[in-house]
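This report describes selected parts of one structure in plain terms. Look at the sequence and the structure first, then read on.

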There are 2 protein chains.
Amino acid sequence: MSTATETAAALTESELNEVDALWRAANYLAAGQIYLLDNPLLTEPLRREHIKPRLLGHWGTSPGLNFLYAHLNRLISRHDLDMMFVTGPGHGGPALLANTWLEGSYPEVKPEVTQDFEGLRTLFRQFSFPGGVPSHVAPEVPGSIHEGGELGYSLAHAFGAAFDNPGLIVACVIGDGEAETGPLATSWHAGKFLDPVHDGAVLPILHLNGYKIANPAVLARIPEHELDELLRGYGYAPYYVTGHEPGLMHQAMAATLDDVYAEIRRIQEQAREGVSGRPRWPVIVLRSPKGWTGPSVVDGKQVEGTWRAHQVPLPEVRENPEHLRELERWLRSYRPEELFDSEGRPRPAVTAVIPRGQRRMGANPHANGGLLLRPLLLPDPAAHGVPVPRPGTSSDEPTRVLGRYLKDVFARDGKTFRLFGPDETASNRLDAVYDVTAKAWQAAIEPVDEHLAGDGRVMEVLSEQLCQGWLEGYLLTGRHGLFSCYEAFAHIVDSMVNQHIKWLRVHRQIPWRRPIASLNYLLTSHVWRQDHNGFTHQDPGFIDHVANKSSEVVRVYLPPDTNTLLSVADHCLRSRDYVNVIVAGKNATPNWLDPEQAALHCARGAGMWEWASTYPDREPDVVLGCAGDAPTMEVLAAASLLRGYLPELAVRVVNVVDLMRLQPDTEHPHGMSDREFDALFTADRPVIFAYHGYPWLIHRLAYRRHNHAEFHVRGYKERGTTTTPFDMLVLNDMDRYQLVIDVIDRVPDLARRAGAVRQAMSEARERHHRWIREHGEDMPEVRNWTWA
Amino acid sequence: MSTATETAAALTESELNEVDALWRAANYLAAGQIYLLDNPLLTEPLRREHIKPRLLGHWGTSPGLNFLYAHLNRLISRHDLDMMFVTGPGHGGPALLANTWLEGSYPEVKPEVTQDFEGLRTLFRQFSFPGGVPSHVAPEVPGSIHEGGELGYSLAHAFGAAFDNPGLIVACVIGDGEAETGPLATSWHAGKFLDPVHDGAVLPILHLNGYKIANPAVLARIPEHELDELLRGYGYAPYYVTGHEPGLMHQAMAATLDDVYAEIRRIQEQAREGVSGRPRWPVIVLRSPKGWTGPSVVDGKQVEGTWRAHQVPLPEVRENPEHLRELERWLRSYRPEELFDSEGRPRPAVTAVIPRGQRRMGANPHANGGLLLRPLLLPDPAAHGVPVPRPGTSSDEPTRVLGRYLKDVFARDGKTFRLFGPDETASNRLDAVYDVTAKAWQAAIEPVDEHLAGDGRVMEVLSEQLCQGWLEGYLLTGRHGLFSCYEAFAHIVDSMVNQHIKWLRVHRQIPWRRPIASLNYLLTSHVWRQDHNGFTHQDPGFIDHVANKSSEVVRVYLPPDTNTLLSVADHCLRSRDYVNVIVAGKNATPNWLDPEQAALHCARGAGMWEWASTYPDREPDVVLGCAGDAPTMEVLAAASLLRGYLPELAVRVVNVVDLMRLQPDTEHPHGMSDREFDALFTADRPVIFAYHGYPWLIHRLAYRRHNHAEFHVRGYKERGTTTTPFDMLVLNDMDRYQLVIDVIDRVPDLARRAGAVRQAMSEARERHHRWIREHGEDMPEVRNWTWA
């Protein structure tokens, strides 16, 4: 344990001066970004008009981040390390912009922010300014894979980045506010899933600056022995750096980093020489004042070291001359004239400890993962497809067949693909992958266990949030993955996927950010087959959630059977910069399309199924639309009933795989033109549409279409319980009998016997209710139904 | 530390026999529910037709839950305790149904499940059966406030229940799967917020049965010293009960509970005598086999003590005669003839340790919180209102005024109301409440701190999930609360609010469940005023999320100014069994309505603002609709521009406070009839609607209306960045100039000069772009705009 008072000198005086110069320069630049519109080098006395009209930004966290960045630079330079920096604390933008400007990585990607007077002026002015850059470590900041706008995900991202990068060290600064979130609290356990042989290292740095926006932080206010137990309980060996006097703190941090680096290498060497056992990785606890080196007391109140330093420590600089003078004193305390030459370039003493080229953390290629991305060697989905000589005469479990395809993906690509899921890979029937890989597991393994291994590539932990965070980190550093999840519980990561979609939307607009693999969800164990798990497990709303987000990024697929699932999965694994949501069942489902038909149908995204339609050459009397496997089966069962009862009716069956096809082409890149839409759904005939999720989503997507008034949508309307699969359909009025009733109620001028058919359908629904209450399972006519 | 081998006898032989008999009876009933359609007492040899057709249910967790329930019963009886039981492990239904049947609390609320042969048959048959009961500890189960369908929230619920209940002990069983979730991982820290003087006690019981669905659990596979450090690091004193031999385990658990109970009382007594300092509360770790006492080996594979015991340990009972025989052996191993008399009644030896009346955990009134609920003594919102002699001539910060109202709520009701928020109460400008209460805080307090106290009633921790879980637990036990949150980050609790809404929907249908206070969200720091925090902080989608859920439960309010916010808050705090979402800004907002007008407008939910309309007696040429504070201001600014530029135009301004008024009355209880809707929005005139959130939500709510084709909605369309407030409106085409353009583009037969007005509006938008890039703030004509 290192503290500021007891450490022997790790740095020579000149080394200390270099690290300190870099730190002071970064602190100066961070403060300058928050305040200065002009006069960036204080070459003249500071005046009111040099100050920004709106003071936005967060000083509190910046000096600590700058301190760590400077010291990690020294460590990288000394050992030629491949290291990334993940900024957990919110609003760390000023610090990271300062450091990447100083190291030159920022000017390389944003040439107008030159390393001179004008560039400095631009750097300051653009910060939190219209048309400028955000206060977070957003995609605009080179070296970042983690924005830190929403808190809690830094450590999960860091582990995701470290997987399969054995030479990489990911330094991850965790704010003490962030540390209170659930995702961060469980992310500490990620050490039980990191393989010291084949993965890189994560160095968590818990930054206790003591305060959040308005409160002390919990971990900063428990006794140190308790914090020590907590971190040891999480499986780490804590190292402490505590204090506020810069000289002592520099020595303490340098000594600690030297120790910690030696420990990381020792762990890796031992493991790679074959010594087994889960290592106790080091963690650093940095306890330093919030707003360190900033104004100590303002208007008689303590600011440095308290929550009052969180944002703008001197808030009235434009109005209050005393604040203006205090700001100038503060800025000059860094001695800018020693840090920058007369043209605004950082002096050599400032940049001496900064590494060169791709060793600079802002230029590390892992943080611009698309640079390193190689396409997966994907198997041919058709080769894994199931034969379908005639539609609906055989059944398969779609996800089970997909599991065999994914096994082949693993077999072909051993190093850049992982599967993520909250303890559900086998439940979701993807377990064929265990033929070629295992579940990652570094904790104890007992003889009875199956498919656990230190180098397993299936990531299972009972936290959707940790799975999501790992996958994001893995993708952002240039690899591939798939997240399989119970549909209802995907909502647990609603907010995380929001942030990833926002990141991708901005990332796509930044020329130097290279495309990365899409984030692919397989939502299975879905609403229609959670009859046995009950109401809590029934929720199709994740689709609605993502459909609200940027259409540049979001795609939603509802493959109706096994071969379409394979085709969609293949497409998604090849795609870039998207969030793809695939919803597919794990239960036996009729096969409708053979592999070739499936590929064609998926490429079109939506289409008429002529073989299921009657009089396909005629303008239909009614269109039966469907999206999703359960709705498709019900629509086909309804079509079959109609064919038998009302054979003269021209029924067109239209299946939609790519949900965004329903939107206008002006709203989504996949959207159909009105001409295409009308050709498929007609301009004026009734459309009975059976949809997997909440029915109003179809209205929301299609409300601008000519024929929208004729759309009648069935779907899940939050009527669920513990019951049978078919009863779920009946409860929500999406069963075949109800669909036939819907047709009869909406098609004009039907034959007179339609009334009797309608009556028969109602009676079938009644029969169903009686049957399940007596037998506890669905009627044989439903269970044994086939299309043929 | 107690283990099964080293403990001195805590139970006499007859006590041990009683506890064991209750445990065996509960185990028998749990297994019976999973398997038996008939022959519930095994009065004849078990035959295939006695077995359910679909075997659904989860055996694995049941014996551990039953073991704990039996021992807690003994403790309650011995000390006459007021105790609740929270079941964290998923699918714990069979165990809790068994125990509440045995104690008689279940038959009291569901009279057909009598304590006799027929009742037993019904108990077994209904489980996971159509028309029956779910496999979770759903609202149907008396004594439950926590369903456990989605994992992670048990401990937060338990703490919520304990707040302000100084005599209550909440025993909370945490599954080792659940323990991997983020929310549970951070919930351990709740001990830093529980006041030993005025709050009750939470007794966490971490049940390590070793396995999840398909994997070992992390906490079960770390060394015990590491687990011990972790729990101590979280601030607890761990007690261990480890083993599998029932006799030894009974002694160990009884001794441990005696110790733990004594320790809880010692902590409380000391604190209540004035000894300060955060106590180290006890936690029990129960390490017992998964599927304990069930089939040990099935088909040659180890089942008991492994993940294979998770669901149905003998899966082929109807098909495989050996499985059937094994099931009968297993069930008879509990010796049902000793447990139930010939009529199916539990024998006195079984019920001997069960407490009586409301001491039974299934009959504890806290778990049916509506029984204890008393209305808040609410202040008059009008008394807190701001005077508004003329609309739009003054401004207030709505949430700041609400803070003064909430201060009064606290002042009047010191014991049944709390405010929850993730470190944002002051940021959200509700800090007037600190005049009368403080933030709860049991960790160290430094001299510089403000508004922290052990008995504070404002709950701040940087975890939206913990806030939500606490509030749910608090409400479900009969109290009141408000959760204030940055709008964008409410998505963090999407999945939690789903589950609470599902709970409420079922709860409302259960006659014996009494109405509880609504869960009230105040979403502030909203999308239109997160210009400074940037894109990550801009998301109005929580409204869409809840709007998908049961209309019986969900209400959404968008008060446009200060007095309407007060009226809505008052209404929500009086309401029962709802989830109310209030979206309101914290920034200065023009006052449109005086307190009386506000109350009337809020009661109507939507209405025409005659004072803002031109020619209010005429059928309008165009309707300007608005919902939300920022949209309302833009609509009024647009109306003002139209009045100046096109004075002959009849413009009707309609404001919507209660968003669900837009739905048809057939879809939502607050929905307007078509007649009302047409009277407000006309049947055929253009409607330009400015909405707070994603514009398509308005279409989704109004697509069935006659005039829907004429609805043109502006709202947030995911175009955000770090910029100025007015630029956020311009980026999303909801600014006043665009709204005027929309009117000109849609109203037919306008005066010829409309073209010039349109041009002027476009130029104003251009001027805005240039201005903000130069000045970094909005144009004076925007910043200084007033209605008058």
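Two strands pair if DSSP finds at least two bridges between them. Helices (H or I, at least four residues) and strands (E, at least two) are DSSP runs, numbered from the N terminus. The model is predicted: local features need pLDDT of at least 70, side-chain atom pairs count only at pLDDT 80 or more, and totals for chains, interfaces and linings use all residues. Residues are numbered from 1 along each chain as its sequence is written, while chains are lettered from A and ligands numbered from 1 in the order in which they are written.

**An open sheet in chain B**

In chain B, five strands make up an open sheet with mixed pairing, in the order β18-β20-β19-β21-β22. Strands β18 (606–608) and β22 (711–714) of chain B stand at the edges with a single partner strand each, so one side of each has no neighbour in the sheet. On average, neighbouring strands of this sheet are turned by 20° against each other, direction ignored. Axes here are lines fitted to C-alpha atoms, for helices over the stretch in contact, and angles run from 0 to 180 degrees between N-to-C directions.

Within this sheet, V623(B) has R652(B) of β20(B) as its bridge partner. Helix α20 (residues 629–645) of chain B packs on the sheet and touches β19, β20 and β21 (687–691) of chain B. The direction of α20(B) makes about 155° with that of β19(B). Two residues are in contact if their C-beta atoms, placed from the backbone, lie within 7 Å.

**Two helices that cross**

Two packed helices are described by the angle between their axes and the distance between the axes. The axes of α20(B) and helix α24 (residues 736–746) of chain B come within 8 Å and cross at roughly 60°. The two helices α20(B) and α24(B) are therefore oblique to each other; angles under 35 degrees count as roughly parallel, over 145 as roughly antiparallel, 65 to 115 as roughly perpendicular and the rest as oblique. On the α20(B) side, the contact residues include V635(B), A638(B) and L642(B). On the α24(B) side, L739(B) and V743(B) are among them.

**Parallel strand pairs**

| Strand | Partner strand | Bridges | Direction |
|---|---|---|---|
| β19(B), residues 622–627 | β20(B), residues 651–656 | five bridges | parallel |
| β14(B), residues 519–524 | β16(B) | five bridges | parallel |
| β15(B), residues 554–557 | β16(B) | four bridges | parallel |

Strand β16 (residues 579–583) of chain B is mostly covered, with five of its five residues buried. A residue is buried if 20 or more other C-beta atoms lie within 10 Å of its own, exposed if 12 or fewer, and partly exposed in between, with C-beta atoms placed from the backbone. V579(B), V581(B) and V583(B) point one way from β16(B), and N580(B) and I582(B) the other way. V583(B) is the bridge partner of L523(B), and V579(B) is that of V554(B).

**A helix with buried residues**

Which residues of helix α5 (residues 117–126) of chain B are buried? They are G119(B), L120(B), R121(B), L123(B) and F124(B). These buried residues pack against α1 (13–35), α3 (93–103) and α4 (105–109) of chain B. Just after α5(B), S128(B) takes a positive phi of about 50°.

**Chain A as a whole**

Chain A has 26 helices and 22 strands. Of its 788 residues, 66% count as buried. The C-alpha trace of chain A spans about 95 × 65 × 40 Å along its principal axes.
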